[in-house]
Amino acid sequence: MTMFHFFNCAILTFGPHAVYYSATPLSEYDTLGTSVKAAVVYLGTALVKLVCLATFLQVSENDGFDPYQELLKALIGFIDVAGLYFALTQLTHRNISQNHKFQAVGLGWAFADSVLHRLAPLWVGARGLEFTWDYILQGLEANANLVLSISLAALASLIWLRKNKPKTLIPIIYACAGIVATMPSITSYLRRGLGWYFPKVVGFELFTSLVMAFISWQLFSACQRPSA
Amino acid sequence: MAFSKNSGAGHRGLQESMYSVISLVFILVACVELCDAAAALNVYRLIQYDMSGSAFGSRFAALNHHAASLHFPSGADLSRTVLIIPLSELNITFVREYINQKKPLGGLLFLLPEVFNSGNGGNKQVHEKEKLKNLLAELERLLIHANLPYPVYFAFENDEIDTVLADIKKNDAIGQPATATTGGYKLVIPTPEPKKVASPTITNIQGWLSGLKADGDTNQLPTIAIVASYDTFGAAPALSVGSDSNGSGIVALLEIARLFSLLYSNPKTRGKYNLLFGLTSGGPYNYNGTQKWLRSFDQRLRESIDYAICLNSIGGSWDNELWIHVSKPPENAYIKQIFEGFSNVAEELDIKVGLKHKKINISNPRVAWEHEQFSRLRVTAATLSEIPVAPELLESTGGLFDSRQFVNETVITRGVKLVAESLARHIYGHQGKNVQIFADGGSLAVNPAYVQSWLDLLSRTPRVAPFLSKNDPFVMSLKKELADHTDEVNLQHETLEGMFTFYDSTSAILNIYQVASVTFDLLLLLALGSYLIVLFCFLVITTRGLDDLISLFRRPPSRKVKTA
């Protein structure tokens with residue numbers, strides 16, 4: 001029965017990635033290689049972030065919210081953005097349209113993030129006899145993360161890959177990208193500073209991910225139209 | 001040709017190392033099975049033993065069932081459930097009925113109030129202590145003589161288990177007993193099958209204090225023996241500390257040894273009697289150890305024993321009345337002498353002492369008192385005890401209810417004084433005279449701190465003989481203590497043969513998990529499946545269009561259609 005629970009949580013955490021790949025035209029154009037490369041870049045980014053965190057951050061005894069430490073963590077979080085930039089621009093992709101490129105990169109990014117952060121706790125914890133809601137919530141969080149990663153990849157590709165953007169939209173694009181990039185700090189502030197419980201935080205993440213996805217979709221389609 | 005072979009071998013070697021690495025990773029990962037239970041507590045198993053071939057006690061140790069309380073809906077099938085019964089809610093007739101009718105049960109877990117936990121020195125005042133004590137004694141008697149084909153455990157109440165039990169009661173009240181499909185709490189004790197204890201040893205400790213031999217006297221000095229059995233037997237061997245039976249006897253013996261060693265250290269005050277102190281084992285099993293100890297004696301030594309005093313349970317609140325149990329008829333001159341000596345001292349100490357005579361039946365293997373083993377070898381002996389009637393087999397042997405709370409050290413101190421004074425008056429020839437040798441406040445006064453500290457130690461040490469190894473630290477400490485007070489100490493190791501066989505696995509750690517039912521997981525699977533299907537359809541519609549979705553389900557058009 002407990003392996004059953006593990007299986008359930010695993011398909012909740014990793015299923016949407018597979019579904020996304022097979023449902024969208026990504027599978028038709030065989031963009032798996034791009035996703036894999038993006039996943040590898042994420043791994044490298046995670047290592048660099050780890051080293052920076054270990055060097056610069058102090059471990060606090062209490063679990064409270066320290067603004068200075070959180071600011072430092074947010075700054076280190078921007079290494080994420082740099083990694084995404086590298087994955088989008090520097091890697092050589094086969095001839096795939098920009099539309100599909102950002103989706104593939106976002107998908108690979110989100111998949112690597114889920115595997116690194118959620119697979120080990122799932123394997124160790126969900127197989128035990130004791131039942132908690134944590135792993136289901138973690139799966140929902142993975143879903144929200146997928147949407148956020150794809151929106152971030154979309155906005156990043158707008159910033160760096162598309163040269164002709166309507167002037168008015170540029171600040172909005174940057175603002176949205178900034179919000180999505182700092183999402184980890186926002187959630188940790190909610191959890192530690194305001195003391196929100198895990199279900200509430202996950203609900204907030206799902207909501208904001210849908211909102212940001214909608215906004216970035218609108219922005220992307222607005223930029224698709226040839227500028228007048 | 002050779003090159004390809006080498007590369008082939010190289011590839012195979014690489015493959016093998018890859019496989020070994022992968023298998024190692026899998027093993028490592030499978031071993032990491034963290035225990036994050038709702039609660040974990042120490043539990044102590046009911047004793048499992050065979051007596052003359054019949055099986056008694058709880059025959060199983062491993063447990064992996066759902067938990068239920070006493071409020072389970074009537075008629076529910078409990079063959080895969082563990083009943084959790086706190087002592088305060090125990091209905092002894094219910095349990096007796098269950099056991100006698102051999103109804104199937106997954107297991108039993110009894111929760112005892114903290115007051116019975118000698119290890120923690122539970123000093124809390126619990127009302128109705130006496131009632132609980134009697135109830136526990138009755139439960140113990142029932143369980144020891146029953147054959148239970150399921151695990152039975154005892155545990156002490158604490159906050160964690162109380163909340164879990166309250167939750168279980170709530171679930172049971174709704175009418176949903178925990179089974180595999182409705183969730184609830186699961187009790188898991190992962191211990192291996194209990195094994196027989198191979199050749200259990202019983203160790204007798206004897207201390208010899210030599211009397212004063214006058215120069216030129218070749219005769220053997222007479223000896224007085226003071227004996228107490230130190231092992232216990234109870235429903236839960238890991239909790240059988242026997243504070244009264246026979247912790248009080250051991251403490252009294254040690255204190256008497258200490259006092260007489262002080263007297264005998266100076267040749268001017270050394271008596272003309274040898275003193276033999278015996279701490280025997282195998283008491284609950286018809287005083288098997290005492291018998292072996294006596295048989296090992298030299299004939300001359302046995303004949304030189306004037307009389308023996310056996311101490312058994314003198315620490316409870318005996319309401320100022322002690323009994324001297326004898327097997328020789330009270331008209332016997334020696335018995336009269338002993339009894340008079342004790343009565344005189346008892347009068348001064350304001351204690352009542354009565355004489356009880358019980359004839360021994362040589363053909364009956366049952367030995368109810370320790371002095372009977374002496375009497376069977378024609379040595380005059382008596383047992384001093386607060387128990388008025390001879391106990392049955394495996395009764396009054398230091399069970400669960402015999403904890404520190406129910407023993408009184410002042411009572412033991414008075415008992416020590418009684419025995420020591422009587423012995424001293426006999427040794428020094430002051431019978432009938434009003435002489436206080438061990439007067440309070442003097443240098444030979446009974447030391448209450450000594451009594452208390454040894455009583456506390458004994459109340460923390462379970463002493464069931466088959467589970468005490470030859471070099472058990474407790475046995476060694478008794479030997480050392482006796483060596484401090486006597487001239488010569490000997491250990492005698494014997495095997496406990498005869499009708500008893502014991503099984504190990506006396507304590508374990510119980511894990512309580514809160515589990516979800518199988519239906520919950522199935523529903524979750526259903527929900528997730530539909531979510532993924534909806535997501536798939538949504539993505540196909542938004543990115544490729546509705547036609548593509550429909551085309552996925554339509555069969556590919558038949559190739560046989562030929563355009564005209």
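**Exercise 1.** Describe how much area is buried between chain B and chain A, and which atoms give it.

*Solution.* About 2500 Å² is buried between the two chains, and carbon and sulfur atoms give 69% of this area. Buried area is the accessible area (1.4 Å probe) that two parts lose on being put together, summed over both. The model is predicted: local features need pLDDT of at least 70, side-chain atom pairs count only at pLDDT 80 or more, and totals for chains, interfaces and linings use all residues. Residues are numbered from 1 along each chain as its sequence is written, chains are lettered from A and ligands numbered from 1 in the order in which they are written, and side-chain values use heavy atoms, without hydrogens and water.

**Exercise 2.** State which elements of chain B supply the side that touches chain A.

*Solution.* Step one: helix H1 (2-31), E19 and helix H13 (518-543) of chain B each supply at least two residues. Helices (H or I, at least four residues) and strands (E, at least two) are DSSP runs, numbered from the N terminus. Step two: H13(B) gives the largest share, 14 residues.

**Exercise 3.** Find the strands that pair with E19 (residues 507-515) of chain B, and the residues opposite B:Asn511.

*Solution.* Two strands pair if DSSP finds at least two bridges between them. Strand E1 (residues 39-45) of chain B is antiparallel to E19(B) over 6 bridges, and B:Ala40 stands opposite B:Asn511. Strand E9 (residues 184-189) of chain B is also antiparallel to E19(B), over 5 bridges; here B:Val188 is the bridge partner of B:Asn511.
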